[in-house]
Amino acid sequence: MTSLPARALRAGRLALAAGAAMFLATTVAQAQVAPPPGPTVEAIKKRGALNCGIDTGVPGFAFQDNKGVWHGIDIDYCRAIAAAVLGDPDKVKFTGTTAAARFTVLQAGEIDVLIRDSTLTFTRSTVLGLDEVAINFYAGQGFLVRKSIGVSKAADLQGATICVITGATLELNIADFARSTGAKIGTLLFDKPEEAIAAMEAGRCDGYTDDTGSLAGMRSTLKVPADWMVLPEAISKEPLGLHIRSGDARWQKIIFWLDNALKSAEEFGVTKANADQLKSSSKDPFILRLLGAEGDTGKALGLDEAWALRAIKVAGNYGEMYDTHFGPKALALPRGQNNLYTKGGLHYPLPIR
Amino acid sequence: MTRHPWFRALFGSKGNMIVTLLMIALFAWVVPGLVRWAFGHAVWEAANRAECIATDTGACWAFIKARFALFFYGTYPVDERWRVHLGLALLVVIGTGALFSHRRRGWWLLALMVLVPVADAILLAGGMLGLPAVPTERWGGLMLNLVISFVALAGAMPIGIALAFGRRSSWPVIRYGSIGLIEFWRGVPLLTVLFMGLVLLPLFLPNGVNVDNLVRALVVMTIFTGAYMAETIRGGLQGVPPGQAEAALALGMHGTQVQVLVVLPQALRLAIPGIINIAVDLFKDTSLVSIVGLFDLMGVVGQSVKDPAWTGLAAEGYVFAAVVFFFACLVISLGGSVLERHFSSAPKESKS
């Protein structure tokens, strides 16, 4: 029969050993302490579909083809998330949202994630209680103007009238810009881009304002594109990206790292075509971790290890997505800020390790 | 001097002559260009807008052709579209029956108001009787406009009748309740109510309770239309001479019989023009649901011009939508006038 203190001592040692083992285990692998994937993922799995809020139609980001199938970079993101979480890119329910309703729909829980060319701003993050998780497109508000008014930069727009779409931040940006430069810029408000463009072509205003991405596409649809030019500078920063409801940190991490995985894939040359092959043949530990051949990034997120591999295989890496929807064969929009940081752009994927 | 009355109307006086000449000049100025755009230089075959522009200067109808199915069915699965056709056929056959039959008209109307909505709901939504389920987010295009307006109209009739009688009730609770309901729903813009239903309702519902978007729009449109219907029917009720009810009472009928068998049928007949007016209005109002994210015909058109292959063809899209809406409303109006004529001849033939 052992004395009480000795027993306590042994128990203490045992606990210590167990603690050390656990410490080791946790440093080697976070898996044992990883919390469950969070309420949003649980709801998605139970439902068997991701509810993705998208634009009701905007070139390059979200639009339907003749058969009614959705395309666009926002759509690709939705499908990539569905592939990572549910294992099937087709298990997405797309909900078209208008500018006025999008955030309420998200707050109300109708959608799990909003990927709708929406600018990430201070107000949306704080007042609206949303989490701005990732940026999938850097845009800025620019001007498309009639060449004959002889303006070469935005600061020269003194006295000009610009046709503007209501409901977004466009109006506010013009007012801010006018205030900061002391220029007087008249605005003519419209509900729909088509109406504004028609008014502009009819001469009711001297130009039109929108995200630079849309302007290039818009100019090509004008009756005489050569009469119009896109001014070189942007008067605002419009980082467009992914919003979720605040309150589910686990869900936020999944979306955040998924975005990083898509951009990292481009950085490391992992494409839709070679992803499977690289998973078995690559020597690069980063690629092996990304594709789930090594490490346990999946467990840490509450997913399985092939989450990023599946996401990449939906529509390719970020660069491939961009090329499909904005590249030379599509809207012909130069990558500019939307390139990787290694090529002079702003996308800087964080290391997955 | 005997001139044709038309001639007198157009050129009878100096004022008329000036107006007529001005109008002729306006037409001469506008119409040829329009015809050239819509027909003469129109392009019917092209894979995208660039091909259209390269071919000719007129309207690019190839756009409408390429998206025709989308405009009518939305993204309803191709293999299941026969269900849409069958549902429409059911509506047309029973609707025609209700319009033109002289016998058992009540049964036809009852079938139109009850059987058709139920049968079409099962047919379109599926998920039972071996029909694969088609989620409502895949319903779209003109089909959605028809579904919404028909359901709202069928649902608004009983609501309208109940509220109309309620407003004439001698019980203050019912009377003021009905007045409150009618005035509230008539006093708020439809768009506001749609937003309330689609956007704010989920905030009040317990978590996890999810009411289908389309169902919400349907409920809102139905109640909204019901409030207007109530006033139209109340107008009809007021138009029935009091002698009718008195005579029925004198014959020994009791209160409910008097209202249902004698007053209401006459009131409805008087209200037909107003009801048709509501139906036409309602059909056009259904396009408002595109603002809350449902893809009705207008929603699909608005979204179709965002496809990079076709951007910039808003004029073609909206002209097409206008033509479709015009003909649909024309059908409703014609149906209404048939109904009117039919019912005005009713008393002679109606059996005891």
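Guide: A helix here is a DSSP run of H or I of at least four residues, and a strand is a run of E of at least two. The model is predicted.

Visitor: How many helices and strands does chain B have?

Guide: Chain B has 16 helices and 0 strands.

Visitor: What makes α10 and α14 of chain B part of the side that touches chain A?

Guide: A contact needs C-beta atoms within 7 Å. In chain B, 25 residues are in contact with 26 residues of chain A. α10 (190-204) and α14 (297-304) of chain B are the elements that give two or more residues to that side. α10(B) gives the most, with 4 residues.

Visitor: Which classes of residue make up the side of chain B that touches chain A?

Guide: That side has 12 nonpolar, 9 polar and 4 charged residues.

Visitor: Why are A:Cys78, A:Ile81 and A:Ala311 called members of a nonpolar core?

Guide: Members of such a core are buried residues of nonpolar types, Ala, Ile and Cys among them, joined through C-beta atoms within 7 Å. The largest core has 142 residues, and A:Cys78, A:Ile81 and A:Ala311 touch the most other members. Helix α8 (residues 141-168) of chain B gives the most to this core, with 15 residues.

Visitor: What does A:Ile81 touch, leaving aside its neighbours within four places in sequence?

Guide: A:Ile81 is in contact with A:Leu50, A:Val113, A:Ile255 and A:Leu258. There is also a second, separate core of 25 residues, which includes A:Ile162, A:Ala196, A:Cys205 and A:Tyr208.

Visitor: Which domains does chain A have?

Guide: The domain assignment gives domain 1 (39-139 + 238-343) and domain 2 (141-230) of chain A. Their C-alpha centres lie 31 Å apart.

Visitor: How many residues of domain 1 of chain A are in contact with domain 2 of chain A?

Guide: 9 residues of domain 1 are in contact with 10 residues of domain 2 in chain A. The domain 1 side divides into 6 nonpolar, 2 polar and 1 charged.

Visitor: What share of chain B counts as buried?

Guide: Of the 352 residues of chain B, 34% do. To count as buried, a residue must have 20 or more other C-beta atoms within 10 Å of its own.

Visitor: What is the predictor's confidence in chain B?

Guide: The mean pLDDT of chain B is 86, and 96% of its residues reach 70 or more. Over residues 346-352 of chain B the pLDDT is below 50, and this stretch has 1 contact beyond near neighbours in sequence. For the complex, the predictor gives an ipTM of 0.79 and a pTM of 0.81.

Technical notes:
Residues numbered from 1 in each chain as written. Chains lettered and ligands numbered in written order. Predicted model: local features only at pLDDT ≥ 70, side-chain atom pairs only at ≥ 80, totals over all residues. Domains from an automatic or database assignment. Contact = placed C-beta atoms within 7 Å. Nonpolar A, V, L, I, M, F, W, Y, C, P; charged D, E, K, R; others polar. Buried ≥ 20, exposed ≤ 12 C-beta atoms within 10 Å, placed from the backbone. pLDDT = per-residue confidence, 0-100.
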